[in-house]
Amino acid sequence: MKHEKRYRSTTKLGKHLTRFRIMPYLELLLAIGFLAALGWAFYTYAIPFFNNLGNHAYSCRTEPEATPAPTPEPTPEPTHDPYPDHALYDADIKSLQTEIVVPEYQYATDVTVFGDTMIAAVGNYTQDGTAAFVRLLVYEFRTQTRTLLPLPLTYKSIRFPAMNDRWIVYLDAAANGGGRMAAYDRTSGEARTLKTVHVGHPKPVLYGNTAFWIERTGESRDKLFAVDLETGESATLVIFDGSSHALSKPFVYGSTLLYVSPSGELTALDLASQSAETVDVGTSYIHDPQMNADGIAFLDSDHARDGRILWYDGTNTTEVVTGAVDFSLGDGFIAYSRFDKNYIYYYGDGTTFCITRSDETAMLLGAGGKTVVWMDVTWRDKDIMEYMTVGERK
């Protein structure tokens, strides 16, 4: 019997398998697997290779090529300190600030700083709802000691006290304006009335045994007075007839009396030689000038909210800030308040620092020497004064 051999064709079987519905999915899985393997190889080998190549090409630190002679080490560059003269650059602000505590009295005003001493008028509210500043606070920064002086009062409040080694001059002020300008001799303890004040609250300044202030004496007339504190004799230095420049306060530095003339010119009167000169600072309006050994700071408005603080160094006038209504001049800096924060401007290099902590609102009270004094107005149940030294790094 003849048997025929039958063979199964693989080609036909393959064609048969391709007709199965699962084959497209198997082919997709194989493609995905291939791409995944390719990606793993690229991530594992190619990326480190290119990264390593890039690090050697663009790194700031490269290995020197081997040479028979030793390669000198590069000279290290000094670390750049953008404010090399200012201790505030890397200071812990909170640790440098000291609170002035006056438990006997609730309120303080009219702060003046000179050297290591601060003076201010302190007091409480009275039954009629107005404050009565009845004591002079003398505070020594170095020793953190305070003295309360009961200066003689005929009216209600001590205002605008000025002090030197021998004298204290102050306005014994009535609540609605006026009062008397008074002097207190620190050596003898005697007090005297210098002049009766009828209108306003003028602020005196001191030079040796002489006091100066600008006072309203008529409907549109003001006078710059000079009074000898030993004899009580007075003289009128300048008459302001209908001039708004009478509102600008005089300032004394050394033997120079600085004021704005009735025509608006900045005037420096040498009290030793009695000679006066006009200082051209290059602006059309000058208000409340202050002076030290380095130059003159002033406002270009009557404390307007959009006014400027300017600094004149004897040659050039520079804008310190716009939108600060007042300032105080210290040794090497100008202090001012803006948007409830206090700032220090170092006029030597134009650097500005904020010295108010983020959780605090503050109002500048005064500055002098290397010290700034302000009031913490975060809450107002009691006047809280604070101060700090902002001098240059030694």
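Predicted model: local features only at pLDDT ≥ 70, side-chain atom pairs only at ≥ 80, totals over all residues.
**View A. T351 and its polar partner, D349.** Let's begin with T351, a residue of strand 25, which covers residues 351-354. Its relative accessibility is 6%, so T351 counts as buried. The T351 side chain makes a polar contact with the side chain of D349, at 2.7 Å.

**View B. A nonpolar surface patch made by F34, L35 and L38.** Together, these three residues give a patch of about 350 Å². If you look for L38, you will find it in helix 2, which runs over residues 23-58. L38 has a relative accessible area of 52% and is therefore exposed, as the cut-off for that class is over 50%.

**View C. D288, a residue other than glycine with a positive phi.** The phi of D288 is near 50 degrees. D288 sits in strand 18, made of residues 287-291. With 5% relative accessibility, D288 counts as buried, since buried means under 20%.

**View D. H303, in a loop between two strands.** What is the phi of H303 near? The value is near 65 degrees, positive in a residue other than glycine. Is H303 buried, exposed or partly exposed? At 30% relative accessibility, H303 counts as partly exposed, because 30% falls between the cut-offs of 20% and 50%.

How values were computed:
Residues numbered from 1 in each chain as written. Heavy atoms only, no water. Helix = DSSP H or I, 4+ residues; strand = E, 2+ residues; numbered from the N terminus. Buried < 20%, exposed > 50% of the residue type's maximum accessible area, 1.4 Å probe, protein only. Polar contact = N/O pair within 3.5 Å; in protein donor to acceptor, adjacent residues only side chain to side chain. Patch = residues over 30% accessible without salt bridge, like charges linked within 9 Å, V, L, I, M, F, W, Y side chains within 5 Å. Areas by Shrake-Rupley, 256 points an atom, 1.4 Å probe, with all protein chains shown as cover. Salt bridge = Lys/Arg side-chain N within 4 Å of Asp/Glu carboxyl O.
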